[in-house]
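Please look at the sequence and the structure first.

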Amino acid sequence: MNPALLDILPALILFCLVATVTPGPNNILLANSGAHFGVRKTLPHVLGIRIGMTVLHIAVLLGLGQIFKHWPILHDVFTVVAAAYIIYMSAKIAFAKPHDTKNNLQPMSTKEAALFQAINPKSWSMLITASSVFTLTGDLFWPSAIMCLIAFNTATLPGTFMWITIGKLVASKLQNPVFHRNFNRLMGVLLLTTLPMMFL
């Protein structure tokens, strides 16, 4: 591997880890899914995030990110749409009845999770930042871009499964209706707390 690529690899891996460990819409939804449906049924959600992020990443590398510089109103539109969807999901989670949660809530499908990345401002900001900071110029552009793609689809997995596990750890307590109701409300509120970062 080219020494220049090796030089940026540690920082790239650290960036991927930190980006997926910190709270965000994807992580809160993964924790909620892990609690209610377990790890196995949350795997399509994980796959959808990876597919959606990869498609976005390639699009950004091909220049799609420049569109926001020329038409910043598009970023505002995406942000408003994402905020509306997150408010909807927060309400759906918070007000789901404990005894009927699995009828009111279903694990997010691969398609839904992938499409959500298109309107998730955190996904856009992560990928635009990574594509700007960790891609090299000249002949090393695509080698560094491919390394970035691989890092995002491997180094991010520990953080992803950490959030699912956090949810899974409280799964047994959801048999208690009071705990279940309070947990749903907490997850709904936590999802709402991700809204401010969208408007920063």
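The text below goes from the overall fold to aromatic rings, a surface patch and one arginine.

This is a predicted model, in which local features need pLDDT of at least 70 and side-chain atom pairs count only at pLDDT 80 or more, while totals for chains, interfaces and linings use all residues. Residues are numbered from 1 along each chain as its sequence is written, and side-chain values use heavy atoms, with hydrogens and water left out.

**Overall fold**

The protein has eleven helices and zero strands. Helices (H or I, at least four residues) and strands (E, at least two) are DSSP runs, numbered from the N terminus. Along the principal axes, the C-alpha atoms fill a box of roughly 60 × 35 × 25 Å.

Of the 200 residues, 44% are buried. Buried means under 20% relative accessible area, exposed over 50%, and partly exposed in between (1.4 Å probe, protein chains only). The accessible surface comes to about 10300 Å², and carbon and sulfur atoms hold 72% of it. These areas come from the Shrake-Rupley method with a 1.4 Å probe; for residues, only the protein chains shown count as cover. Among contacts (heavy atoms within 4.5 Å) with a separation of 6 or more, 84% join residues 24 or more positions apart.

**Aromatic pairs**

A search of the whole structure finds six aromatic pairs. Rings of Phe, Tyr and Trp (its six-membered ring) pair if their centres lie within 6.5 Å; planes under 30 degrees apart count as stacked, over 60 as edge-to-face and the rest as tilted. Phe15 and Phe152 form an edge-to-face pair, with 6.2 Å centre to centre and 75° between the planes. This pair links distant parts of the chain, since Phe15 lies in helix α1 (residues 3-21) and Phe152 in helix α8, 137 residues apart. Phe152 is buried, with a relative accessible area of 2%, whereas Phe15 is partly exposed at 23%. The pair of Phe141 and Trp142 is edge-to-face because the ring centres are 5.0 Å apart and the planes stand at 85°. Ring pairs also link Phe15, Phe134 and Phe152 into a cluster.

**Surface patch**

Ile58, Leu62, Trp142, Ile146 and Ile150 form a nonpolar patch on the surface, with about 510 Å² of accessible area together. Patches are made of residues with over 30% relative accessible area and no salt bridge; like charges are joined within 9 Å, nonpolar side chains (Val, Leu, Ile, Met, Phe, Trp, Tyr) within 5 Å. A salt bridge is a side-chain nitrogen of Lys or Arg within 4 Å of a carboxyl oxygen of Asp or Glu. Helix α8 (residues 141-154) gives the most to this patch, with three residues. Ile150 is placed in helix α8.

**Arg50**

Arg50 is found in helix α2 (residues 25-61). Leaving aside neighbours within four places in sequence, Arg50 is in contact with Phe152, Asn153, Thr156 and Leu157.

| Residue | Relative accessible area | Class |
|---|---|---|
| Arg50 | 10% | buried |
| Phe141 | 23% | partly exposed |
| Trp142 | 41% | partly exposed |
| Ile150 | 51% | exposed |
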